[in-house]
Amino acid sequence: MKDSNRTVRWGILGTARIAEKISIAIHQADNAELTCIASRDPVKAADWSQRHHVKRSVGSYEALLHDPDIDAVYIPLPPSMHGEWTVRAAKAGKHVLCEKPLALNVNQAREMRRVCLENQVQLMDGVMWYHHPRAHEILKLIRSDALGEHRRFTSSFTFCWDEVPENDLRLQRDLGGGSLGDLGWYCIGAALWAFNELPQKVFGTARPYNDVDYNFSGIMWFTKNRIASFDCGFDVSMRKWFELAGTKGSLVCDDFTRPWENKKPAFYVNDGFGNATKHETEAPLQETCMINHFCDIIRSGRLEQQWPDLGINTQRVLNALDYSARTETVVNLADFFPT
């Protein structure tokens, strides 16, 4: 039922570092309230609630899910826990904003979507930049004829660890680690978002470490002579850009995952003759944009299935690329069914 003035009450499962950014966004969002934080360590939960201005804390995830005063949950847990806790949250009637990668494999992600649909709750992965005004402006231009026929989508997302953090979950394959899931997720998702379809086939190559991809390069072939390629990794200086090139020009966003300067989000359109047009947009925090959008969905009473669909499609391509790198083969997506 639509209720445009309803306050959406949030709970967070876990005290991961990314949860701090989301807590700020919930506090800033319109008609949203950060009601409860859960940790398996009740002392940690209580301390976190005081530092981040949360009404109350609980010492278990189950206690939060059974709280009738919670409408939506944010899940910043390791990827290996996303499937279980999304399903539990959905069965408890809570809308779910889940960190990426959405799951360990596409079958698990599909099950998450099925249970959320069955319980009429929204599922969305926590990719923030999709919800920023800049992304909306970029998509309008992409859907127009400004670039001509699209040919190539190229992107990169990397950062460099000074020292390898051996115990970091991103270096543990059984926890869903690897640069592909941590960083490549954004590059894959951006290509699907721009081309608005799945690739026909993919190929990936990786430099392994601890049985995860420490650095990854991928290529995706789409219909209509379109190709997307990307690289991601933990051993290259910070890069977070994409370019969509067409027959008439190209569009470049050199900080698509997060603006270098929050007050000046921009992108550029090049005409192929050395002339670049700069486009600046509004500058709200993208985390707050995402929370506002999610709350609007809840208040509208109408689920938006494009978000779980995009997450599942991203998961499917990610799994295919991972398999490709491990087997050194080109993978036809239609034939790929991960176990």
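In the predicted model, His131 counts as buried, because its relative accessibility of 5% falls under the 20% limit. The residue lies in the loop between strand S6 and helix H6 (133-143), and, with residues up to four places away in sequence not counted, His131 touches Met124, His136, Cys289, Met290, His293 and Trp307. Once its neighbours within four places in sequence are left aside, Asp69 is in contact with Arg9, Thr35 and Arg56. The C-alpha atom of Asp69 is separated by 33 Å from that of Gly181, a residue 112 places away along the chain.

The chain is divided into domain 1, covering residues 8-127, and domain 2, made up of residues 129-287 together with 317-336. The centres of the two domains, taken over C-alpha atoms, are 26 Å apart, and the contact between them takes 16 residues from domain 1 and 16 residues from domain 2. The size of an interface is often expressed as the accessible area that is lost when the parts come together. For domain 1 and domain 2 the area buried between them is about 1,400 Å², of which 60% is on carbon and sulfur atoms. Lys100, Pro101 and Val127 supply 40% of the area that domain 1 buries against domain 2, a share that exceeds that of any other three residues.

With regard to specific interactions, 1 salt bridge is counted between domain 1 and domain 2. A salt bridge is formed by Lys100 and Asp182, whose closest N and O atoms are 3.1 Å apart. On the side of domain 1 that touches domain 2, the elements that give two or more residues are helix H1 (17-28) and strand S6 (123-125), and H1 gives the most, with 4 residues. By class, this side of domain 1 has 9 nonpolar, 3 polar and 4 charged residues.

Helix H4 (residues 82-91) is largely enclosed by the rest of the structure, because 7 of its 10 residues are buried. The buried residues of H4 are His82, Gly83, Trp85, Thr86, Val87, Ala89 and Ala90, and they pack against strand S1 (8-13), H3, S4, strand S5 (95-98), helix H5 (106-118) and S6. Just after H4, Gly93 takes a positive phi of about 85°.

Most residues other than glycine have a negative phi, and most peptide bonds are trans. Lys100 and Pro101, however, are joined by a cis peptide bond with an omega of about -10°, and Pro101 has its place in the loop between S5 and H5. A positive phi of about 50° is found for Asn31, although this residue is not a glycine; Asn31 is located in the loop between H1 and strand S2 (32-38) and is partly exposed, with a relative accessible area of 36%. Asn225, likewise a residue other than glycine, has a positive phi near 60° and lies in the loop between strand S9 (212-221) and strand S10 (227-233). At a relative accessible area of 63%, Asn225 is classed as exposed, because this value is over the 50% limit.

How values were computed:
Residues numbered from 1 in each chain as written. Predicted model: local features only at pLDDT ≥ 70, side-chain atom pairs only at ≥ 80, totals over all residues. Heavy atoms only, no water. Domains from an automatic or database assignment. Contact = heavy atoms within 4.5 Å. Buried area = accessible area lost by both parts, 1.4 Å probe. Salt bridge = Lys/Arg side-chain N within 4 Å of Asp/Glu carboxyl O. Nonpolar A, V, L, I, M, F, W, Y, C, P; charged D, E, K, R; others polar. Buried < 20%, exposed > 50% of the residue type's maximum accessible area, 1.4 Å probe, protein only.
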